[in-house]
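Hi everyone, thanks for making time today.

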Amino acid sequence: MFEHYRVPFPVLLLRNSFLLVSQQWEEKIEKAELSVADLFRPAEELVNELVRRESQHSLSLEREITEANRYYEALKALARPVDPTLEQHVEALQARALDPIRTLEKKLLKAEKRKYVDLQRQIHSLKSALFPLDGLQERVENFMPWYAALGPAFIRDLYTHSPVLEEEFIVLTAG
């Protein structure tokens, strides 16, 4: 169509996206010691990290897994000179031994998470408020409640914080 009418094709620019965070949610984010980048991570990942951080118990069995790997490497070194095919058998034993340890690690985290039901609820409510229907806020919510609460200053803030030619996702705290 542009060629037919001899009109130059316009330059396409992606618009900036905004995430509007009210004072109430900003306080909850600060209380949970979350960063802006954390808001974009999956809720379960956030819950797991916060539970690990808040827990009084060690929920990681990485040291034990490393020790088990060293043990099985030593067994392989013993078996290899006797019969090289035994190395595969030791590897199978290693896999069968490590799977229950990894399962136990998941169960430790799951059991500890049960103690932090309030934390889980807060993270899920935060995520559903800032990312309704697991999408962008601007695709679901209308800006009018923000405009009604903040008035023309709200539009000025959007304009001020919107870089012209830069593609950015802007988190704007209002309230």
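Let's start with helix 5, which gives five residues to the lining of the largest pocket, the largest share of any element. Please keep in mind that this is a predicted model.

How much space lies in that largest pocket? About 260 Å³. Helix 1 (23-31) and helix 2 (43-54) join helix 5 (117-130) as the elements that each give two or more residues to its lining. In total, 14 residues line the largest pocket, and the ones nearest its centre are K28, K31, A32, L119 and Q122. By class, that lining holds seven nonpolar, five charged and two polar residues.

Now for the second largest pocket, with a volume of about 160 Å³. Among the residues lining this one are R15, F18, L20, E138, F143, W146 and F154. Two or more lining residues come from each of strand 1 (17-22), helix 6 (137-140) and helix 8 (152-160). Here the classes are six nonpolar, three polar and three charged residues.

Last stop: helix 4, residues 86-113. Helix 4 has 28 residues and spans 41 Å from first C-alpha to last, close to the expected 40 Å. Which of the residues of helix 4 are buried? They are V90, Q94, L98, E105, L109, E112 and K113. Those buried residues pack against helix 2, helix 3 (62-82) and helix 5.

Technical notes:
Residues are numbered from 1 along each chain as its sequence is written. This is a predicted model: local features need pLDDT of at least 70, side-chain atom pairs count only at pLDDT 80 or more; totals for chains, interfaces and linings use all residues. Side-chain values use heavy atoms; hydrogens and water are left out. On a 1 Å grid over the protein atoms alone, a cavity is a set of points where a 1.4 Å probe fits but cannot get out, and a pocket is an open set with protein on both sides within 12 Å along at least five of seven lines; lining residues have an atom within 4 Å of a point. Grid points are joined across faces, edges and corners, and a volume is the space filled by probe spheres set on the points. Helices (H or I, at least four residues) and strands (E, at least two) are DSSP runs, numbered from the N terminus. Ala, Val, Leu, Ile, Met, Phe, Trp, Tyr, Cys and Pro count as nonpolar, Asp, Glu, Lys and Arg as charged, and the others, Gly among them, as polar. The expected span of a helix is 1.5 Å times one less than its number of residues. Buried means under 20% relative accessible area, exposed over 50%, partly exposed in between (1.4 Å probe, protein chains only). Contact means heavy atoms within 4.5 Å.
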